[in-house]
Amino acid sequence: MTNARTDWRENSACGSSDADDLFADSPRQKRAKTICMRCPVRTQCLAEALDERIEFGVWGGMTERERRVLLRSKPDVASWLYVLEAARDSVVSRAG
């Protein structure tokens, strides 16, 4: 049985990528982030990395350093998926 946490992984743009591309050193992180920009489940991926405090790799288009900054700026967030989806919806409604 699959759950919501694993379902997003099945649709990820990086599913067929080499793990070395996603857990790259700083110069190669830009390439990993490019994969994320076209990913249909980017928000879910980033939310899981933030909720689970995943330390390494590029997740949802953010490096570990970028995620640390975000986590420090909002230490009381219980569900990053809710926050990220609300922010995305706000941007879409302003653009439309």
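Reader: Why is tryptophan 59 called buried?

Author: The model is predicted, so local features need pLDDT of at least 70 and side-chain atom pairs pLDDT 80 or more, while totals for chains, interfaces and linings use all residues. Residues are numbered from 1 along each chain as its sequence is written, and side-chain values use heavy atoms, without hydrogens and water. Tryptophan 59 has a relative accessible area of 12%; buried means under 20%, exposed over 50% and partly exposed in between, with a 1.4 Å probe and protein chains only. Tryptophan 59 is therefore buried.

Reader: What makes phenylalanine 23 partly exposed?

Author: Its relative accessible area is 45%, which lies between the two cut-offs.

Reader: Why is the pair of phenylalanine 23 and tryptophan 59 called edge-to-face?

Author: Rings of Phe, Tyr and Trp (its six-membered ring) pair if their centres lie within 6.5 Å; planes under 30 degrees apart are stacked, over 60 edge-to-face and the rest tilted. Here the centres are 6.5 Å apart and the planes stand at 80 degrees, so the pair is edge-to-face. By this rule the count is one aromatic pair.

Reader: What makes Leu46, Leu70 and Leu84 part of a nonpolar core?

Author: Such a core is a set of buried Ala, Val, Leu, Ile, Met, Phe, Trp, Tyr and Cys residues joined through side-chain atoms within 4.5 Å. The largest one has eight residues, including Leu46, Leu70 and Leu84. Its largest share, three residues, comes from α4. A second, separate core of six residues includes Trp59 and Cys39.

Conventions. Helix = DSSP H or I, 4+ residues; strand = E, 2+ residues; numbered from the N terminus.
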